[in-house]
Amino acid sequence: MSGVLALVGGAEWRDKCTFDAELLAASGGSEVLVLPTAAAYEHPERAVEWAARYFSDLGGSVRGLMVLRRPDAEGPEFAAAVAAARFIYIGGGSPLHLRSVLKDSKVWEALLAAWHGGAVVAGSSAGAMVLGDPMVDPRGGAYTLGLGLIEQLAVVPHHDTWPPERAHRTMQLAPRAVPIAAIDEQTALIRSADGTWSASGAGDVEVFLNGKPAGLSALPGR
């Protein structure tokens with residue numbers, strides 16, 4: 001049994017992200033540990049400040065964990081904070097930087113342990129992309145390795161803003177038998193603790209398998 005997982009299509013921490021209140025309640029606590037790792041080169045402190053304002057309206061508090069470089073991800077104090085958290089939120093930015101910082105690190109191992117221990121984990125945009133495996137390569141729309149919290153699942157965030165030709169190319173390049181979850185902004189694909197999937201928020205979640213539309217039942221189960 002694991003905790004709840006939320007894969008968010010981007011534009012996180014905004015009014016139409018109605019699922020966040022449910023995620024906070026599911027965590028059993030009031031603190032959200034925000035990792036602005038993907039935004040390391042884009043004023044990560046601003047992401048934490050934005051999240052703090054947003055979650056304060058939901059009765060929660062935010063702690064920013066500045067895991068911005070590879071040495072940070074190997075820091076025992078950062079790993080301990082992640083291991084003790086009940087709600088871990090990975091924000092958007094560069095998926096390639098995020099992957100390079102977290103892959104096989106102490107912080108990543110702590111996140112896995114926390115999730116398998118029942119913590120809520122959410123990732124938005126780049127944060128959602130790296131949690132699957134394979135991962136869409138933002139440099140060209142093909143596929144590369146993700147971190148694989150959920151294996152055999154690729155995430156396409158910001159789906160409602162993608163040019164049709166780019167979306168078509170990404171679906172056509174998808175590995176056989178791997179479902180692709182195309183998630184709109186301010187929308188979440190949520191995996192409950194029992195392994196079932198649902199969609200929530202402002203937009204839609206579309207699942208594609210072998211280049212064709214499929215339902216949520218095509219997503220990895222328990």
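Mentor: The chain has 8 helices and 15 strands. Keep in mind that this is a predicted model.

Trainee: What radius of gyration does the chain have, and what would a compact globule have?

Mentor: The chain has 16 Å. A compact globule with 222 residues would be near 17 Å, so the value agrees. The C-alpha atoms fill a box of roughly 45 × 35 × 30 Å along the principal axes.

Trainee: How many of the residues count as buried?

Mentor: 55% of the 222 residues. The chain exposes about 9,400 Å². Carbon and sulfur atoms supply 52% of that area.

Trainee: Let's zoom in. Which residues of helix 1 are buried?

Mentor: Helix 1 covers residues 19-27. Its buried residues are Phe-19, Asp-20, Leu-23, Leu-24 and Ser-27.

Trainee: Which residues are buried in helix 6?

Mentor: Helix 6 runs over residues 106-116. Val-107, Trp-108, Ala-110, Leu-111, Leu-112, Ala-114 and Trp-115 are buried there.

Trainee: New topic: aromatics. How many aromatic pairs are there?

Mentor: A search of the whole structure finds 4. One of them is Tyr-54 with Phe-55, an edge-to-face pair. Their centres are 5.1 Å apart, with 80° between the planes.

Trainee: Are those two buried or exposed?

Mentor: Both Tyr-54 and Phe-55 are buried. They also belong to one aromatic cluster with Trp-13, Phe-87 and Tyr-89.

Trainee: Now the strands. Which way do strand 11 and strand 14 run?

Mentor: Antiparallel, joined by 4 bridges. Strand 11 is residues 180-183, and strand 14 is residues 205-209. Ile-180 has Phe-208 in strand 14 as its bridge partner.

Trainee: What stands opposite Phe-208 in strand 15?

Mentor: Pro-213. Strand 15 spans residues 212-214 and pairs with strand 14 over 3 bridges, again antiparallel.

Trainee: How many residues lie between strand 14 and strand 15?

Mentor: There are 2, and the two strands form a hairpin. In the turn, Asn-210 has a positive phi of about 55°.

How values were computed: Residues numbered from 1 in each chain as written. Predicted model: local features only at pLDDT ≥ 70, side-chain atom pairs only at ≥ 80, totals over all residues. Heavy atoms only, no water. Phe/Tyr/Trp six-rings, centres within 6.5 Å; stacked < 30°, edge-to-face > 60°. Buried < 20%, exposed > 50% of the residue type's maximum accessible area, 1.4 Å probe, protein only. Pairing = 2+ DSSP bridges. Rg over C-alpha atoms; globule rule 2.2 N^0.38 Å. Areas by Shrake-Rupley, 256 points an atom, 1.4 Å probe, with all protein chains shown as cover.
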